[in-house]
Amino acid sequence: MFVEKLKIAALATAAVVLMSGTALAQKKYDTGATDTEIKIGNIMPYSGPASAYGVIGKTEQAYFNKINAEGGINGRKINFISYDDAYSPPKAVEQTRKLVESDEVLLMFNPLGTPSNSAIQRYLNSKKIPQLFVATGASKWNDPKDFPWTMGWQPSYQSEAHIYAKYLLKEKPDAKIGVLYQNDDFGKDYLKGLKDGLGAKASMITAEESYETSEPSIDGHIVKLKAAGVDVFVSITTPKFAAQAIKKLAEMDWHPLHIVSNVSASVGGVIKPAGFENSQGILSAAYAKDGADSQWDNDPGMQKFYAFLKEYYPEGNRLDGSVVYGYGAAQTMVQVLKQAGDDLTRANVMKQAASLKNFTPDTLLPGIKINTSPTDYAPIKQLQMMRFKGEKWELFGDIINDELGN
Amino acid sequence: MSAAVEEVVTEAPAVEAVPKRAMTLGTGTSLVVLALLILAPLVVKNFVIFQLTMLLVYGLAVLALNILTGGSGQFSLGQSAFYAVGAYTSAVLMEQYNVNYALTLPISGILCFAVGFLFGQPALRLSGVYLALATFALATAMPQLLKLNFLEPWTGGVQGLVVTKPDAPFGLPMSQDMWLYYFTLAITIAIYVGAVNLLRSRSGRAFMAIRDNEIAASAMGIDVALYKTLAFGVSAGITGIAGSLGAIVVQFVAPDSYTIGLAIQLFLGMVVGGVGWLPGSIVGAAFIIFVPNMAENISKGLSGAVFGVLLFLVIFVVPHGARQVAIFCQQTVAKFRKR
Amino acid sequence: MELFSNQILAGISTGAIYACMALAVVMIYQAIDHLNFAQGEMAMFSTFISWQMMQWGIPYWAAFFLTIGLSFVAGIAIERILFKPLAKAPVLTNVAGFIALYSIINSSAGLIWDFTIKQYPTPFGSAPFLGSQLISTHQAGMIGVTILLLIGLYFFFQYTRVGLAMRAAASLPESARLVGINTSWMIALGWGMASAIGAIAGMLIAPVVFLEPNMMGGVLIYGFAAAVLGGLTSPLGAVVGGFLVGIFENLAGTYIPGVGNELKLPIALALIISVLVVKPAGLFGRAIVKRV
């Protein structure tokens, strides 16, 4: 009884603070929410070429299990329904429609992949169903005017690239930049960001090489970049290829200034397999802590994360950046639902998602906060640059708010 | 190594002979299936109608492969490429040039027929695994071609294109999904009937003669080269129309939708439905749409493994696909009647 | 000119990967007369087994040979359990079986070892080879092992009773049975050997491309292409084909202006197909005359 009272009190306070005094007394529901349950839909590539990311869905499931075991959100259990889309847009449409029309979920949370999300975006917006915290870094998700029901989560690829561009303009204005990028939405978005960031000096990029994920090894591209005489190597690659590049550079005894995109900055997933000795001095930028980096062992947020892994997701690999990612995204989702209180309508969920103020999931870097508003649908837009030294990343410089991008 | 040694082999045909009568369903059965297909959307949810529409679309694509492999004995792992050409033709025409969706279908059909016919020319010299590799090359090349920079103003590059879903015409009181279903059904039936008649015609007999024994066929005066490329063209044309319909139904095209994975799915659909048995195409399409969903329900982490096991079970029980089941039923019914 | 020779060297070093895999492809083709789509995944799984052994503290070479033995047995077991029952089924049904096997192995490996990349040790070291920074000692070692395997296979098929019986069983099963060859077991033996060679290929490739469940996907495509280019019946052809594909691909990516880089795989494949149109049995394959 006492606990109940406490809860109500806390809720009331939260509501007063966060919902700026919206009437709270009556409960309002849309399809997918009841007194006891909130249904959340999700699609993930559990099979197919991108199955490495399936871990994100499993982590989120485990996190929601934890929330449910601890009593749920405002007394409601989360029913997380996650389907496999095999990274194929037609399948994504099929599964999303199944979630919306047959399972009747309240909202879609963290569907993965730019192509899959592009395929379902118009459908969800026309049905006025929140498409929250999509798991892709394309910049197009921050478009509240045209797509008021779609919101991103992580910093966009373009704003990350802007940060590197700024760094290079300041530190190495006469650099000759060579770019290796994956020939897909991720690589092209990133390259565009880099060029936009360099602005008038985009001609600093003297060599561009693209690769396909079907290529077993990217050695040939790196040989070409070296032959082109570049002295800055920007690696817009996914983990396997980033590690290959780091190793190949060391084998060729070629030491340009090496920048690795955040996607592949994982200590456990990239740097360690590629060899610590080969990775000294590599630059990158981050917004989240790294589960394999010993500097966070005593961090209270990460300790919570490790405790969660131990109890609810023992088979989860803390070295895998996707696990950290899923945890942070799921925490953000829970925060939005907490804020929504008893008004679990889709409109209110979207409104709460667009009014996150200084929210900090356990896994974000110190100082990085989630902020959204009705005109700002980019929850995380801060990054900090870092340099690899010894066996861990050393953060340097200020936390950078990318004002160029969105 | 032993290049000088020439071997003489009597090659067994890769695809077993299916008599043309056994390629179709009886009239009674056809009417029952047709009635079911027409009535089904009236009783199910919109999302199921969408799935049924996809079933028809994939069914059409499997049918096209069946004409090529079951009809003329040529093997293709490149159907996803023709499907992609069809899908992009419709998407680009509809979104960039405001062409009516129905008009884009014949255009993609003709375009894909031409592409297939041209591709069939070099493929003529190849058979068996070599043809498989050539078509496979086409399938792996297609997503990369669609991503090319200079095509980006039309194709949208890696981001793909969003396609607008058409409303039912003449103010018919039905949802977009239902209208698209009947639209697809009408086209599917028309193509199915056309395909059955094609295989029963002179050309169809020529296809099958080539399938069963190419050298004998040419000795009988069949223009092997012409009919083989023709089979490629027809198959590609139908696949292209299926691709167009798929693009309109899914409302989105992107290079990632048309990878080699799609070609493999269509191939599996053909095997499960029964090579050379046209009605099996729809059974095969059902397999590739619904069995992955079933596998996923059984285990998320192992969905691929479960799918593999289910596929093994199917080919163990019925190595000749759904055709075997149909023949079995037919024989049982016949026995029953005799008593 | 330096770029040209560098690209050739880089092509040879990636070509070594393809050559290794192509040998396994030829092996299975000799035994069953078609291509096995699950071959790359079988090799990947073997490599994971050896990696797991090393995690448990077994030294490299012990793990290496143990894995080859295990893969040999596993290959035979797969044939006996899964594909012998399909012996009478149509060829295309068998191909569907390969796809099912692919799916099972890939998904299981993902569940057991997850999808993060793993470093795989090399016994040859990764220093520059003979002063060239483009070929490491590992890649040189890989080329060496491939050539050893090639010589071994040549003698096996050309001079041993089993090797000859296996070729006979694959190309003319009826006649082979008449002269007393147990064709069914020849097929199983072929599976075992192909699986063992695949394991060697996997363990040599893994240090370059990193170990993860999808590592062989791309390699197998190139392996097929190399084997087909060289002629599916010739181990020598497979190895030469592997190097040629590696070099083709790099030169196309470097010297074809505009689209070369984006389309180097399609261009390489198109080139192979043109070769096949001229020489349908591949560069080193036996010409087959058909009879009505």
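**Exercise 1.** Describe how strand E6 of chain A is joined to strand E7 of chain A.

*Solution.* Step 1: strand E6 (residues 177-182) and strand E7 (residues 205-211) of chain A run parallel and are joined by 6 bridges. Strands are DSSP runs of E with at least two residues, helices are runs of H or I with at least four, and both are numbered from the N terminus. Two strands pair if DSSP finds at least two bridges between them. Step 2: A:Tyr181 has A:Ser210 of E7(A) as its bridge partner. Step 3: between E6(A) and E7(A) the chain passes through helix H6 (residues 185-198) of chain A, in a right-handed β-α-β crossover. Right-handed here means that, with the strands pointing away from the viewer, the path from the first strand over the helix to the second runs clockwise.

The model is predicted: local features need pLDDT of at least 70, side-chain atom pairs count only at pLDDT 80 or more, and totals for chains, interfaces and linings use all residues. Residues are numbered from 1 along each chain as its sequence is written, and chains are lettered from A and ligands numbered from 1 in the order in which they are written.

**Exercise 2.** Give the strand order of the open sheet of 4 strands in chain A, and find its edges.

*Solution.* Step 1: the order is E3-E2-E4-E5, with parallel pairing. Step 2: strand E3 (77-84) and strand E5 (131-132) of chain A each pair on one side only, which makes them the edge strands. Step 3: helix H2 (residues 54-69) of chain A packs on the sheet, where it touches strand E2 (37-44) and E3 of chain A. Contact requires C-beta atoms, placed from the backbone, within 7 Å. The direction of H2(A) makes about 165° with that of E3(A). Angles run from 0 to 180 degrees between N-to-C directions, and axes are lines fitted to C-alpha atoms, for helices over the stretch in contact. Step 4: strand E4 (residues 107-109) of chain A pairs with E5(A) over 2 bridges, and A:Phe109 stands opposite A:Leu132.

**Exercise 3.** State the packing geometry of helices H4 and H10 of chain B.

*Solution.* The axes of H4(B) (residues 101-123) and H10(B) lie 6 Å apart, at an angle of about 145°.

**Exercise 4.** Identify which helices of chain B supply at least two residues of its side touching chain A.

*Solution.* Step 1: the contact involves 25 residues from chain A and 26 residues from chain B. Step 2: the helices are H2 (46-72), H5 (128-146), H10 (224-250) and H13 (303-317) of chain B. Step 3: H2(B) gives the most, with 5 residues.

Note on methods. Two residues are in contact if their C-beta atoms, placed from the backbone, lie within 7 Å.
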